[in-house]
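Subject: Structure handover

Hello,

I am passing this structure on to you, with notes on what turned up in it. Please look at it first and then read on.

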Amino acid sequence: MWRLVPPKLGRLSRSLKLAALGSLLVLMVLHSPSLLASWQRNELADRRFLQLNKCPACFGTSWCRRFLNGQVVFEAWGRLRLLDFLNVKNVYFAQYGEPREGGRRRVVLKRLGSQRELAQLDQSICKRATGRPRCDLLQAMPRTEFARLNGDVRLLTPEAVEGWSDLVHCPSQRLLDRLVRRYAETKDSGSFLLRNLKDSERMQLLLTLAFNPEPLVLQSFPSDEGWPFAKYLGACGRMVAVNYVGEELWSFFNAPWEKRVDLAWQLMEIAEQLTNNDFEFALYLLDVSFDNFAVGPRDGKVIIVDAENVLVADKRLIRQNKPENWDVWYESKFDDCDKEACLSFSKEILCARVTVDHNYYAVCQNLLFRHATWRGTSGGLLHDPPSEIAKDGRLEALLDECANPKKRYGRFHAAKELREYLAQLSNNVR
């Protein structure tokens with residue numbers, strides 16, 4: 001994800017934000033009655049606010065009872081709709097509680113896209129179904145490609161959805177069976193047979209797969225089984241709920257050295273797990289930044305909290321089909337761009353090679369490398385090491401080789417050695 005506002009425009013950006021804040025205060029005064037009403041009303045129990053009326057052009061209904069019963073409420077400023085124009089990503093923090101459990105826990109709510117992207121989705125559905133930009137989505141959905149698998153269709157096949165999103169850029173039947181079997185927005189989950197889903201559930205699944213497949217990544221590779229993703233909770237209309245993990249990784253940029261070493265080791269372990277695992281699915285992170293990871297407040301565990309851009313390659317299928325150079329190790333090219341958190345990769349190559357260093361490259365270049373830059377600050381997570389480590393030079397050499405290798409297959413070897421070295425440093429400081 002590249003920054004839209006370059007660092008040199010930072011002062012202008014801050015001035016605009018201050019102006020916007022001033023305008024907001026004026027609006028708050030002018031609209032004080034509606035402001036009070038929005039503060040007192042639980043809009044998360046409102047069907048229209050949840051956009052439940054747009055189903056099956058939505059993300060699911062498994063959590064509707066909880067929303068509509070008032071068990072989910074916004075936290076503090078999240079109740080003020082006047083602040084929505086600042087919330088471009090449509091991500092909210094809320095409190096959820098089960099009456100039987102007592103107490104509440106924090107959850108994250110996502111619309112999975114900006115207001116503009118959601119409006120474009122509606123227009124796209126309407127134009128495909130009616131030729132007009134506005135329509136009744138309930139009537140339009142059965143006339144789109146999202147309904148192509150309705151009826152007595154047995155399986156979700158690669159031919160039907162290949163290329164719809166990063167998740168299914170090169171899907172195998174094994175991956176698609178996993179998506180259907182673990183689909184959480186149906187009461188009959190557990191079967192890979194698509195025909196066990198209602199037509200409305202099939203359309204919701206396909207729309208999610210095309211618009212933003214993050215919920216399907218979280219469901220198919222769940223945290224309960226050790227995958228490093230946030231836990232999926234459920235959806236109602238166009239609002240998805242996931243477990244709150246903790247503060248974003250960026251909050252730890254200036255944490256004590258011991259903490260940063262541990263976080264860096266965990267990041268490299270995540271890169272390894274997603275690349276090499278017993279399931280023989282390679283999950284490649286195509287968008288890696290400090291904002292896409294969070295750290296648990298109790299266990300200090302690093303978790304991926306933005307999984308929209310994850311490409312899944314089936315290594316078993318690659319070995320079976322044996323495309324050209326399938327068994328040649330692939331080294332990602334270092335990208336010395338002037339943007340923040342940018343990566344260079346070929347999706348076609350990621351889909352066609354068994355041994356790929358992409359995840360090591362992404363973590364090292366965008367998070368750990370001394371030239372890694374985010375929010376105008378460079379140095380990487382492992383900036384300013386203790387004098388004895390800096391003098392030794394081993395850490396800097398490994399990071400350099402991991403980000404921008406000078407030897408053939410240098411990143412593969414550097415990543416392995418870096419994981420071991422960081423583990424050693426972590427043990428030394430605990």
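By class, how many residues in the lining of the largest cavity are nonpolar, how many polar and how many charged? Five are nonpolar, two are polar and three are charged. Bear in mind throughout that this is a predicted model.

Cavity and pocket

A search of the whole structure gives one cavity of 30 Å³ or more. Its volume is about 60 Å³. The residues that line this largest cavity are Leu285, Asp287, Asn292, Phe293, Ile304, Asp306, Ala307, Glu308, Asn309 and Val310. The general idea behind such a search is simple: rolling a probe the size of a water molecule over the atoms shows where empty space is left.

The second largest pocket has a volume of about 250 Å³. Its lining includes Cys55, Pro56, Thr61 and Ser62, and also Ala184, Glu185, Thr186, Lys187, Lys198, Ser200, Glu201 and Gln204. By class, that lining has three nonpolar, five polar and four charged residues. Two of the lining residues, Cys55 and Pro56, are joined by a cis peptide bond, with omega at about 10 degrees. Pro56 sits in the loop between helix 2 (32-40) and helix 3 (64-68).

The chain as a whole

The protein chain has 16 helices and 12 strands. Of its 430 residues, 51% are buried. Among contacts between residues at least 6 apart in sequence, 69% join residues at least 24 apart.

In soluble globular proteins, nonpolar side chains tend to be buried together. Here the largest nonpolar core has 97 residues, and the members that touch the most others are Phe229, Met268 and Leu368. Helix 10 (residues 257-275) supplies the largest share of this core, with nine residues. Another core lies apart from it and has 20 residues, including Leu44, Leu50, Tyr92 and Cys236.

Which residues does Leu368 contact, once its neighbours within four places in sequence are left aside? They are Ala264, Leu267, Met268, Val363, Gly379, Gly380, Leu381, Leu382, Leu399 and Leu418.

Val363 is in helix 13 (residues 358-368). Is Val363 buried or exposed? Its relative accessibility is 2%, so Val363 counts as buried. Not counting residues up to four places away in sequence, Val363 touches Leu267, Met268, Ala271 and Leu368. Val363 and Cys402 are 39 residues apart in sequence, while their C-alpha atoms are 9.1 Å apart in space.

Arg419 lies in helix 16 (residues 410-429). Its relative accessibility is 19%, and the cut-off for buried is under 20%, so Arg419 counts as buried. The side chain of Arg419 makes a polar contact with the side chain of Glu269, at 3.0 Å. With neighbours within four places in sequence left aside, Arg419 is in contact with Trp265, Met268, Glu269 and Glu272.

In helix 7 (residues 173-181), the buried residues are Leu175, Leu176, Asp177, Arg178, Leu179 and Val180. Among the elements that cover them are helix 6 (158-161), helix 8 (199-211) and helix 9 (214-220). Strand 7 (281-285) and strand 10 (310-314) also belong to that cover.

Loops

Glu340 lies in the loop between helix 11 and helix 12. Glu340 has a relative accessible area of 3%, so it is buried. What does the side chain of Glu340 reach at 2.7 Å? The side chain reaches the backbone nitrogen of Gly376.

Ala341 is also in the loop between helix 11 (315-321) and helix 12 (347-350). Phi of Ala341 is near 55 degrees, which is a positive value in a residue other than glycine. Ala341 counts as buried because its relative accessibility is 9%.

Arg375 likewise has a positive phi, near 55 degrees, and is not a glycine. Arg375 is in the loop between strand 11 (373-374) and strand 12 (377-378). With a relative accessible area of 37%, Arg375 is partly exposed.

Regards

Conventions: Residues are numbered from 1 along each chain as its sequence is written. This is a predicted model: local features need pLDDT of at least 70, side-chain atom pairs count only at pLDDT 80 or more; totals for chains, interfaces and linings use all residues. Side-chain values use heavy atoms; hydrogens and water are left out. Helices (H or I, at least four residues) and strands (E, at least two) are DSSP runs, numbered from the N terminus. Buried means under 20% relative accessible area, exposed over 50%, partly exposed in between (1.4 Å probe, protein chains only). A polar contact is a pair of N or O atoms within 3.5 Å; within protein, one must be able to donate a hydrogen and the other to accept it, and residues adjacent in sequence count only if both atoms are side-chain atoms. Contact means heavy atoms within 4.5 Å. On a 1 Å grid over the protein atoms alone, a cavity is a set of points where a 1.4 Å probe fits but cannot get out, and a pocket is an open set with protein on both sides within 12 Å along at least five of seven lines; lining residues have an atom within 4 Å of a point. Grid points are joined across faces, edges and corners, and a volume is the space filled by probe spheres set on the points. Ala, Val, Leu, Ile, Met, Phe, Trp, Tyr, Cys and Pro count as nonpolar, Asp, Glu, Lys and Arg as charged, and the others, Gly among them, as polar. A nonpolar core is a set of buried Ala, Val, Leu, Ile, Met, Phe, Trp, Tyr and Cys residues joined through side-chain atoms within 4.5 Å.
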